[in-house]
Structures are given as C-alpha cells and as structure tokens.
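My entries follow the structure.

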Amino acid sequence: MSEIETAALTPADVIFNEQGLVPCIVQDADTKNVLMMAWMNAESLALTIEQRTTWFWSRSRQKLWHKGEESGNTQELVSLSYDCDADTLLALVRPVGPACHTGAYTCFYRSFDLPGADAISDGAREDSAGRGLTDLLGVRVVEQSSSCVRMDLPVTADIQQPAGFVHGGATITLLESCCSLASWLGCDLENEYSFGSHVDVKHVNAAKKGVLHGVATLDHAEDLGERGRKEFWHVEATDDDGRLVSTGTITCRVVSKAYFANRK
C-alpha cells in the first residue's frame, strides 16, 4: 500500500477535483441509510468539521450552503471519513428532518425497474417483507427470526407531534412492523399470507430524541384449523436509556392463500 493509503489524513490532504470540489456521501449514523450526495470545497469542509454540522458548495448557485439553513432539516455530524484515494468523503450524521428537498427521508427514494426483479428469491422476499413504510421512516432491522424481531426507529422531526414528542402512531408502526416481519418469516410463503388483525398497545412514557428500540416476541399461537392460525405477539418500545415507552399485544392472522381466495 502507498503512504496515502495507510496514513491518517487531515483536511489539507483531501484531493479536490479541477473545480476545487470533492463529493461527500451523507449516511444516517443510526439507520445506515444513504441520505444524499453533495459537493464540498475546502471552506465547506472546514465549516463542517468546525461546527459539527454539514456545509456544502452549491454548484448551481455558486455559493456555500448550510444544510437546513432554510428548511430547518439540519444534519448533526457524527463522523467524517475518506476513501482509499482521499477523493471522496463519507459523513455519518444524525438528521433533523428529511434530507431531500422533496420532503423524502432520503434523496434515493426512487428505484429502477430492473429486469428479472419479479424473480426475487424467497429469502430475499422474507428480508424485504413490509419494508416500504419502514424504509420511509428509517427503521433498521437489528435482529430477525420467526419468534423475535428487533427494530430501531430514529427520532426525527417527521415522527414528532407538535410538542416535540414521538407520535404514538409512529411507535405503533415500529411495533407492528416488528410483528409483521416476524410473522412473515414464519409463513410458508408459497401458500400463506400474514395480516395484522388487532393492536392493543398503551403508551407509558414519551420520547423526544435518540432512537426508539422495538421488539416483538411470540407469546403463543392459536390453531384455527382451515382458517389458519392466530399469533399473539408481546411488544415493547424503549428509549436509549432503556425506559419503557410503549407496551402491549399485537395479533396477527395467518391464512392460507386458498382460504383467502375462497372467502366470501
């Protein structure tokens, strides 16, 4: 390896392009989702390091811009890294609000329709079950099995009610998503569907910042014969201090595809 590949660099060692710019990839420090890519020059890089919040250079406006200066959707800098060539930066941040000017959590909210996408394997379908809404909220799967799923939900302005506390509906979404993924992991995907059927959750404390940690653990299942089965999941949401935020029971119904198709 060359000296530059092994040495610890300073901002002065970053390799800028002909326009004096370097690309910076911005990633959520908690969810690990990529939020955006923007350009930095030497001054915005120095400001980012000094103020621990992201600054960039706008090529269209030809000026410095502080992320969130107008929208309030700032990004607290957690760490700043560089790649092996020292010509690309990676900023891990804790976002306050969405990253995209459209209001989306990430700028990368659209996907190409890839050939053969319908031929996704069962294993990949299991991993992606119910991920649309949770991806939008920035939920990250921490642990998954057919009897227990743990997920983390970063607290952002998008899920806070007017007083700044986490909206109870967001907490329930986290918990029901845990149940949904666990239930689908226990399904025969060729022959069964899983649906949420009943939510009984109470909120005991309020959270304002950090990360909510959700867990769903299978308590028991009831055999319903040809109608499938009913699963009872014990759920809990806690904050970063381990304080209980919400708890209760969520019920899922697993039914055969044949029964579902023939029901009146």
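I worked on a predicted model, where local features need pLDDT of at least 70, side-chain atom pairs count only at pLDDT 80 or more, and totals for chains, interfaces and linings use all residues. Residues are numbered from 1 along each chain as its sequence is written, and side-chain values use heavy atoms, with hydrogens and water left out.

Sheet. I took helices (H or I, at least four residues) and strands (E, at least two) as DSSP runs numbered from the N terminus, and I counted two strands as paired if DSSP finds at least two bridges between them. I found an open sheet of six strands, in the order 7-8-10-11-12-9, with antiparallel pairing. Strand 7 (140-144) and strand 9 (192-203) are the edge strands, each pairing on one side only.

Strand pair. I looked up strand 8 (residues 148-154) and strand 10 (residues 211-223), which pair in the antiparallel sense over seven bridges. D152 stands opposite H213 in strand 10.

Cores. A nonpolar core here is a set of buried (under 20% relative accessible area, 1.4 Å probe, protein chains only) Ala, Val, Leu, Ile, Met, Phe, Trp, Tyr and Cys residues joined through side-chain atoms within 4.5 Å. The largest has 26 residues, of which V149, M151, L153, V166, C179, L212 and V235 touch the most other members. Strand 8, helix 5 (168-185), strand 10, strand 11 (229-238) and strand 12 (244-256) each give two or more residues to this core. Helix 5 gives the most, with eight residues. I also noted a second, separate core of 17 residues, including V14, L35, A38 and V93.

How values were computed. Buried means under 20% relative accessible area, exposed over 50%, partly exposed in between (1.4 Å probe, protein chains only).
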